[in-house]
Amino acid sequence: TQQSSPGGVNAGRTLPVRFSLDGNEGLAILAAGFPNVQPCGGGATTPAEGAGGLSYNASTNTYQWNWKTDGAWAGSCRTLLIGLNDGTTHSVSVTFN
């Protein structure tokens, strides 16, 4: 699945990325080598920097991973790729101010 963030986000911020699965699948759900980031539209991927780790909120049935964005991305778009150990990859694209 791919989603886009409406509007712009200030580059250099830490963005909470939230997603839901079929309930609590535990915290060992990320595939090896993920999350990654790449320019929107494709290109080389690099490891995405996180703040903290993956967390799960049982009351809202959502996972959260905090993406530390790079201030150098101002004026550009980046896609965060989250690969899960079930073989699926999910992404969100963000345009930075």
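Gln-38 is found in strand β3, which covers residues 36-39; strands are DSSP runs of E of at least two residues, numbered from the N terminus. This is a predicted model, in which local features need pLDDT of at least 70 and side-chain atom pairs count only at pLDDT 80 or more, while totals for chains, interfaces and linings use all residues. Residues are numbered from 1 along each chain as its sequence is written, and side-chain values use heavy atoms, with hydrogens and water left out.

The side chain of Gln-38 reaches the backbone oxygen of Gly-43 at 2.8 Å. When neighbours within four places in sequence are set aside, Gln-38 is in contact (heavy atoms within 4.5 Å) with Gly-43, Ala-44, Thr-45, Arg-78, Thr-79 and Leu-81.

A search of the whole structure finds one disulfide, a term for a pair of cysteine sulfur atoms within 2.5 Å. Cys-40 and Cys-77 form this link, with their sulfur atoms 1.9 Å apart. The pair joins distant parts of the chain, 37 residues apart, since Cys-40 lies in the loop between β3 and β4 (46-47) and Cys-77 in strand β8 (residues 77-83). The link of Cys-40 and Cys-77 is left-handed, with -60° about the S-S bond.

The table gives the accessibility of these residues, where buried means under 20% relative accessible area, exposed over 50%, and partly exposed in between (1.4 Å probe, protein chains only).

| Residue | Relative accessibility | Class |
|---|---|---|
| Gln-38 | 15% | buried |
| Cys-40 | 26% | partly exposed |
| Cys-77 | 24% | partly exposed |

Conventions
Helix = DSSP H or I, 4+ residues; strand = E, 2+ residues; numbered from the N terminus. Polar contact = N/O pair within 3.5 Å; in protein donor to acceptor, adjacent residues only side chain to side chain.
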